[in-house]
Structures are given as structure tokens and as C-alpha cells.
Amino acid sequence: MQGPYYSRSYRQHFRIGGVKLTLDGSPQGKTAWLTQPYVQPPAGQPRSYAGYGVMSDAQATAQMEKAFAHNWQILVHANGDAAIDQMILAVQAARARYDGVPPMRDRRPVLIHGQTLRHDQVAALRRLGIFPSLFPMHTYYWGDWHRSEVLGDPRAQNISPTGWVLAQGLRFTSHHDAPVVLPSSIRVLDATVNRRTRSGQVLGPEHRVTLWVALQAMTLWAAYQHFEEDHKGSIELGKLADFAVLSGNRLTMLPGQLSQLQVLQTNKEGVVVYQAP
């Protein structure tokens with residue numbers, strides 16, 4: 001983290017963006033750290049089983065303060081709401097200690113996944129400047145499982161609650177986390193807009209977003225998350241000519257048709273790097 005590659009500028013198309021901290025596991029694997037028990041605990045576990053954390057609050061805070069002290073961007077894997085509580089406490093402590101201490105930078109700590117983010121926690125994200133990178137793609141791959149075996153209703157309805165985040169005036173990003181699921185940006189777009197499970201049920205209709213919002217979450221807001229909004233994320237003068245050509249206009253097509261989109265061409269800095277057969 002002391003070398004030339006930890007930078008907001010690229011060297012030969014490479015840079016180290018920050019550090020990662022993992023606080024729990026996954027809800028579909030029933031290892032996310034929750035404040036309420038799983039609907040169906042894993043075999044051999046009591047009915048009170050609610051997953052588990054990776055480290056103590058003191059250890060999480062120490063890691064967060066180390067990142068703040070060095071002005072490193074920190075990206076925190078926290079799926080369960082108990083793990084998110086731990087992240088919030090750690091960021092709060094780190095900001096209390098290092099805000100205003102030179103050299104002061106915009107650190108933009110990131111919550112990765114945040115699948116069981118509670119409504120009351122969203123306000124804390126806004127207050128502390130935590131950027132949410134959510135996982136609505138799981139509404140398709142794991143939504144039915146979350147409802148029947150993991151969280152039950154209403155908790156399953158609110159996984160990756162993009163509606164709550166937008167209502168608080170926050171931006172978010174949407175990802176696929178391959179190889180946990182297939183690395184399809186089209187599926188990310190479709191799930192963020194439609195939130196349909198494999199059985200065709202809509203999971204959390206109030207968290208569905210418009211095509212335009214979903215598009216920004218994958219482009220301009222993603223660039224912002226990584227401090228690259230001045231040269232990536234949108235097609236405009238002065239930015240890199242990085243873009244894809246799709247088989248249809250996703251801003252005018254019906255939401256139910258999004259999964260049928262195909263990538264025809266991709267361009268990197270104006271050079272074609274992929275052309276569909």
C-alpha cells in the first residue's frame with residue numbers, strides 16, 4: 001500500500017483501489033451475521049442461530065481506524081444486519097478520531113453487499129458517508145431460497161433495499177460478485193429493475209428502480225464509488241471512450257425484455273475489443 005500502484009491514477013491500466021475487510025459470510029450459505037435468527041437454521045444448529053461475525057467490535061474498529069489513518073479507501077463485506085451494525089460503529093469511531101486530521105481526504109468507505117440492510121441503518125450510511133454497493137441480483141438467483149429457508153417474509157422482501165437507499169437521497173451500485181453468480185451485466189440490470197425470482201415472484205416491489213437509475217448504478221455511480229467519475233461512467237467530452245453496444249435500447253424497451261439484451265460490441269478507449277459473431 002506504500003508503492004506507486006496505490007493511487008487514483010492508473011499505471012499501465014492497473015491500480016490498487018483500496019483495502020477490503022470481511023465481517024461475515026453470506027445469507028444463502030447461512031453464515032451472514034444477523035440480529036434475528038434464520039427461518040431454517042443449518043443442520044445441528046439451534047433455532048436461535050443467527051450466523052456469526054468474523055472479528056470483535058474492537059478488532060473491526062482497529063482495522064477501520066488503520067485505513068482512515070492512512071487515507072485508504074476501505075470496502076467492507078457485510079451481508080447481515082449485525083455485521084452492518086459493526087461496520088457503522090467502526091466507521092463512526094474512525095471518523096470521530098480522524099476527521100479533520102490532515103491530510104484529510106474523501107475516503108468514501110463502501111458497504112459491499114448489504115443484503116439485509118435495515119431501514120434504520122440507511123440513515124447511518126448517509127450520515128457517515130458510507131457508499132452502498134448492493135446485490136439485487138440475488139433476488140433472481142437466491143430470492144426464493146431467502147424467502148423460504150433463510151430470512152422469511154418480510155425480511156426477504158427487503159434484501160438489497162435499493163428503494164430505501166434512494167429515498168434517503170443516496171446513490172448505490174449493483175454488482176454480480178462472480179463467481180458466486182454468473183458475471184452477466186445484463187442479468188444485473190434486469191434484477192435491479194425487476195427483482196423477479198426464478199419462480200417469477202417479485203421480491204420487494206417497492207425496491208424496483210427505473211431503467212435509468214439501474215443504468216447509472218452500473219456506470220456513473222460505479223465510477224463515483226471508485227473515485228473515477230471525472231473520466232469514466234458516462235459518454236461525454238473529456239472522458240474515456242469506454243462503452244458497449246447492445247442489441248436494443250434499454251431505456252425504451254419494456255422492463256420484462258431486459259434479460260433478452262445481447263452485447264454486440266465493447267469498446268475500450270475508443271478501440272473495439274469485442275465484436276459479436
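**View 1. Ile-235 sits in the loop between helix H9 (220–225) and strand E6 (243–246).** Helices here are DSSP runs of H or I with at least four residues, strands are runs of E with at least two, and both are numbered from the N terminus. At 71% relative accessibility, Ile-235 counts as exposed; the classes are buried under 20% relative accessible area, exposed over 50% and partly exposed in between (1.4 Å probe, protein chains only). Together with Phe-243, Val-245 and Leu-264, Ile-235 makes a nonpolar surface patch of about 340 Å². Patches are made of residues with over 30% relative accessible area and no salt bridge, with like charges joined within 9 Å and nonpolar side chains (Val, Leu, Ile, Met, Phe, Trp, Tyr) within 5 Å. Accessible areas come from the Shrake-Rupley method with a 1.4 Å probe, and for residues only the protein chains shown count as cover. Please keep in mind that this is a predicted model, in which local features need pLDDT of at least 70 and side-chain atom pairs count only at pLDDT 80 or more, while totals for chains, interfaces and linings use all residues. Residues are numbered from 1 along each chain as its sequence is written, and side-chain values use heavy atoms, with hydrogens and water left out.

**View 2. Phe-227 has a positive phi, near 60°, in a residue other than glycine.** Phe-227 belongs to the loop between H9 and E6. With a relative accessible area of 11%, Phe-227 is buried.

**View 3. Helix H2 (residues 81–98) has 18 residues.** From first C-alpha to last, H2 reaches 25 Å, close to the 26 Å expected at 1.5 Å a residue; the expected span is 1.5 Å times one less than the number of residues. Among the buried residues of H2 are Ile-84, Met-87, Ile-88, Val-91 and Tyr-98. The partners that the buried residues of H2 pack against are H1, strand E2 (74–78), strand E3 (110–113) and helix H3 (119–128). Just after H2, look for Gly-100, which takes a positive phi of about 90°.

**View 4. Arg-118 and Asp-81 form a salt bridge, with their closest N and O atoms 3.0 Å apart.** This pair links distant parts of the chain, Arg-118 in the loop between E3 and H3 and Asp-81 in helix H2, 37 residues apart. A salt bridge means a side-chain nitrogen of Lys or Arg within 4 Å of a carboxyl oxygen of Asp or Glu. Arg-118 is partly exposed at 23% relative accessibility, whereas Asp-81 is buried, with a relative accessible area of 6%. A second salt bridge is made by the side chains of Asp-99 and Arg-107 (3.8 Å, N to O). Salt bridges that share partners join Asp-81, Asp-85, Arg-118 and Asp-120 into one network.

**View 5. Glu-149 pairs with Lys-30 in a salt bridge, the closest N and O atoms being 4.0 Å apart.** Glu-149 lies in helix H5 and Lys-30 in the loop between E1 and H1, so the pair ties together parts that are 119 residues apart in sequence. Glu-149 is partly exposed at 25% relative accessibility, and Lys-30 is buried, with a relative accessible area of 9%.

**View 6. Gln-28 is found in the loop between strand E1 (19–22) and helix H1 (57–69).** With a relative accessible area of 15%, Gln-28 is buried. Not counting residues up to four places away in sequence, Gln-28 touches Gln-115, His-138, Trp-142, Trp-145, His-146, Val-150 and Val-180; contact means heavy atoms within 4.5 Å.

**View 7. Gln-157 lies in the loop between helix H5 (143–150) and helix H6 (162–167).** Gln-157 counts as buried at 18% relative accessibility. The side chains of Gln-157 and Asp-153 make a polar contact (3.1 Å). A polar contact is a pair of N or O atoms within 3.5 Å; within protein, one must be able to donate a hydrogen and the other to accept it, and residues adjacent in sequence count only if both atoms are side-chain atoms. Beyond its neighbours within four places in sequence, Gln-157 is in contact with residues including Arg-147, Arg-195 and His-207. Asp-153 is also joined to Pro-154 by a cis peptide bond, with omega about 5°, and Pro-154 is found in the loop between H5 and H6.
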